[in-house]
Amino acid sequence: MSLLFRIAVYLPVLFMIAVVVVGQQHVTAQETLRAAAQKTVRWAIWTLVLVALMTIADVFVIGW
């Protein structure tokens, strides 16, 4: 599976999860979607940071 396909599936799923999480705290759809988009970006950045840290740990433990 290519990385582009994985990202194309991961981001919409992440957004849908964020809609469910944020939807419990907002009243209107506009507020919910805006907050869900912000949370999706925040979670995507955290994902990149964690994957980078795991890759660095992999290089140190297993080697290049």
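Patches here are made of residues with over 30% relative accessible area and no salt bridge, with like charges joined within 9 Å and nonpolar side chains (Val, Leu, Ile, Met, Phe, Trp, Tyr) within 5 Å. A salt bridge is a side-chain nitrogen of Lys or Arg within 4 Å of a carboxyl oxygen of Asp or Glu.

This is a predicted model, where local features need pLDDT of at least 70 and side-chain atom pairs count only at pLDDT 80 or more, while totals for chains, interfaces and linings use all residues. Residues are numbered from 1 along each chain as its sequence is written, and side-chain values use heavy atoms, with hydrogens and water left out.

View 1. Helices (H or I, at least four residues) and strands (E, at least two) are DSSP runs, numbered from the N terminus. The C-alpha atoms fill a box of roughly 50 × 25 × 15 Å, taken along the principal axes.

**View 2. Helix 2 from end to end.** Helix 2 has 33 residues and spans 47 Å from its first C-alpha to its last, close to the expected 48 Å (1.5 Å times one less than its number of residues). After helix 2 comes Gly 63, with a positive phi near 100 degrees.

**View 3. The buried residues of helix 2.** Look for Thr 32, Ala 35, Ala 36, Thr 40 and Ala 44. Their cover includes helix 1 (3-23). An α-helix has 3.6 residues a turn, so residues three or four places apart point the same way.

**View 4. Thr 32 and Thr 40 in helix 2.** Thr 32 is buried at 9% relative accessibility, and Thr 40 is buried too, at 10% relative accessible area. Leaving aside neighbours within four places in sequence, Thr 32 is in contact (heavy atoms within 4.5 Å) with Val 19, Val 22, Gly 23 and His 26. With the neighbours within four places in sequence left aside again, Thr 40 is in contact with Leu 11, Leu 14, Phe 15 and Ala 18.

**View 5. A nonpolar surface patch of about 1300 Å².** Among the residues making this patch are Val 41, Trp 46, Leu 50, Met 54 and Phe 60. Accessible areas come from the Shrake-Rupley method with a 1.4 Å probe, and for residues only the protein chains shown count as cover. Leu 50 sits in helix 2 (residues 29-61) and is partly exposed, with a relative accessible area of 44%.

How values were computed
Buried < 20%, exposed > 50% of the residue type's maximum accessible area, 1.4 Å probe, protein only.
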